[in-house]
Amino acid sequence: MSTPTDGCTPAFADGSAGDADYGAIGEQYSRYRRADPRIGDRILAALGDARSVLNVGAGAGSYEPTDREVTAVEPSASMRAQRPRALPRAIDTVAERLPFDDRSFDAVMTTFSVHQWSDLEAGLAELRRVSRGPVVILSCDPEQVGRFWLTDYAPRVIATEAERYPALSRLADGLGGSIEVSPVPIPLDCTDGFGEAYYGRPEVFLDPAARRANSAWSFVDAATADRYVAALAADLETGEWDRRFGALRSQPEFDGSLRLIVS
């Protein structure tokens, strides 16, 4: 067994190991961040015929396969508490310090998690170490984040997203070997409430709980966030948003920054 890379001490009381405090912002996370089956099908296809799967940064269990032997790890107590009873209990640990032997799993997956890790390269090395098959990552391309119309209303939120998501080349270098990167179209009625999921439903951003389920909003001070929301609300009331972006309300899919990375 190789010696895993030491992880960093959690910065928040509930054990959140990244830069966002899910003890503070994650109370209703599972209500808004529900796995979208169309995105989930792409993840399952990438896992192939793997029977044993490790889910790293498993959160409240979104996209976790229910037809396979799954082991989940999640450092945030708030996230672990929101996992459905039908899913396995998540182990309290971080990506950079996985307590498993080399090649323990047929496949490893992680969704919307890599931008939270304190040491990306160490975490990627751990994923590769414990998998004898594919490593599947759902993340966003920071170079494409700015395509979303929200940048016109909440520029600091979008800039924060772009700053936090690691470059796809960095993920590829960290995993090594053969890498396949695929765009993931976002459906209009996407049930997973990450920011771009609301590309055609702008009113959702007026809901404070929906914004809290998107961690980038937690890096913007309250006064700035209020100003952003007020500007959006005003344009929705006057019809300005619809004049500029209204076609998105009926656009079946949005080709945004969402990407599936398979090593």
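These legends accompany several close-up views of a predicted model. Local features need pLDDT of at least 70 and side-chain atom pairs count only at pLDDT 80 or more, while totals for chains, interfaces and linings use all residues. Residues are numbered from 1 along each chain as its sequence is written, and side-chain values use heavy atoms, with hydrogens and water left out.

View A. (Rings of Phe, Tyr and Trp, the last by its six-membered ring, pair if their centres lie within 6.5 Å; planes under 30 degrees apart are stacked, over 60 edge-to-face, and the rest tilted.) Trp-149 belongs to the loop between strand S4 (135-140) and helix H6 (155-164), and Trp-241 to helix H10 (residues 240-245), so the pair ties together parts 92 residues apart in sequence. (Helices, H or I of at least four residues, and strands, E of at least two, are DSSP runs numbered from the N terminus.) Trp-149 is buried, at 4% relative accessible area, and Trp-241 is buried too, at 0%. (Buried means under 20% relative accessible area, exposed over 50%, and partly exposed in between, with a 1.4 Å probe and protein chains only.) Both Trp residues belong to one aromatic cluster, whose members include Phe-148, Tyr-153, Trp-217 and Phe-254.

**View B. Arg-211 sits over the ring of Trp-217.** The charged end of Arg-211 is 5.6 Å from the ring centre. (This requires NZ of Lys or CZ of Arg within 6 Å of the ring centre and within 35 degrees of the ring normal.) Elsewhere, Arg-33 lies over the face of Phe-112, 5.0 Å from the ring centre.

**View C. Here is the lining of the largest pocket.** Arg-211 and Trp-217 return here, among lining residues that also include Pro-208, Val-220 and Asp-226. (On a 1 Å grid over the protein atoms alone, a pocket is an open set of points with protein on both sides within 12 Å along at least five of seven lines; lining residues have an atom within 4 Å of a point.) Helix H8 (208-212) and helix H9 (222-238) each give two or more residues to this lining.

**View D. Helix H3 (residues 37-47) has buried residues along one face.** They are Ile-39, Gly-40, Ile-43, Ala-46 and Leu-47. Pro-37, Asp-41 and Ala-45 are exposed on the face turned away.

Notes
1 Å grid on protein atoms, 1.4 Å probe; cavity = no way out; pocket = protein on both sides within 12 Å on 5 of 7 lines; lining within 4 Å. Arc of directions from axis to C-beta.
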